[in-house]
Amino acid sequence: QVQLVESGGGLVQAGGSLRLSCAASGRTFNTYAMGWFRQAPGKEREFVARIGWSGGSTYYTDSVKGRFTISRDKAKNTYYLQMNSLKPEDTAVYYCAADRRGISAMRPDLGASYDTWGQGTQVTVSS
C-alpha cells in the first residue's frame with residue numbers, strides 16, 4: 001500500500017522560495033498521477049497542481065501558474081512542488097496526494113479524484 005510523507009515546509013518571507021517534497025513508498029508509485037493541494041485556516045481544501053504518471057503532463061490552478069512547478073523523480077519515488085515568488089496568500093498546509101484510479105486525468109482539481117494522502121506540511125509566508 002502506498003504511503004506519502006510531505007516535507008520541506010516552513011516559514012518564509014514574501015517573495016521567497018520553498019521546495020516541498022513528497023516521498024512515496026509503494027511498488028506502483030510510478031504509475032500514479034500525483035497532486036498537491038493546500039488548505040488555509042478557515043478555507044476549504046484547494047487544488048494546487050497535478051502531474052501525470054509519466055511526468056510529462058502538468059496542470060496548475062490559476063493562482064500559482066508561473067510561480068509553482070510540480071515535478072517527480074521516479075528513481076527516488078519522490079515528487080516535488082517548487083514554490084517561487086511566494087505570497088502571504090500561499091500560507092496553508094500543503095498535502096500531496098496520489099491517484100491510483102486515473103480519475104484525476106479528467107478532474108485534476110477535485111480532492112475526490114485522489115485516494116491516498118500525506119499528512120501535510122505547513123507553509124507560512126510572512127508579509
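**Ground rules.** The model is predicted, so I take local features only at pLDDT of at least 70 and side-chain atom pairs at pLDDT 80 or more, while totals for chains, interfaces and linings use all residues. Residues are numbered from 1 along each chain as its sequence is written, and side-chain values use heavy atoms, with hydrogens and water left out.

**Entry: E6.** I looked up E6 and found it in strand β1, residues 3–7 (strands are DSSP runs of E, at least two residues, numbered from the N terminus). E6 is buried (under 20% relative accessible area, 1.4 Å probe, protein chains only).

I then checked its charge. Which side chain of opposite charge is nearest to E6? It is R45, 9.5 Å away, and E6 has no salt bridge (a side-chain nitrogen of Lys or Arg within 4 Å of a carboxyl oxygen of Asp or Glu).

Next I looked at backbone nitrogens. The E6 side chain has a polar atom 2.8 Å from the backbone nitrogen of C96. It also reaches the backbone nitrogen of Q119 at 2.8 Å.

I listed contacts (heavy atoms within 4.5 Å), leaving out residues up to four places away in sequence. E6 touches, among others, C22, W36, C96 and Q119.

**Entry: disulfide.** I searched the whole structure and found one disulfide (cysteine sulfur atoms within 2.5 Å). C22 and C96 form it, with sulfurs 2.1 Å apart. C22 lies in strand β3 (residues 18–25) and C96 in strand β9 (residues 92–99), so the pair ties together parts 74 residues apart in sequence. The S-S torsion is about 60°, so the disulfide is right-handed. C22 is buried at 0% relative accessibility. C96 is buried too, with a relative accessible area of 0%.

Notes
Helix = DSSP H or I, 4+ residues; strand = E, 2+ residues; numbered from the N terminus. Buried < 20%, exposed > 50% of the residue type's maximum accessible area, 1.4 Å probe, protein only. Lys, Arg positive; Asp, Glu negative; His and termini not counted. Polar contact = N/O pair within 3.5 Å; in protein donor to acceptor, adjacent residues only side chain to side chain.
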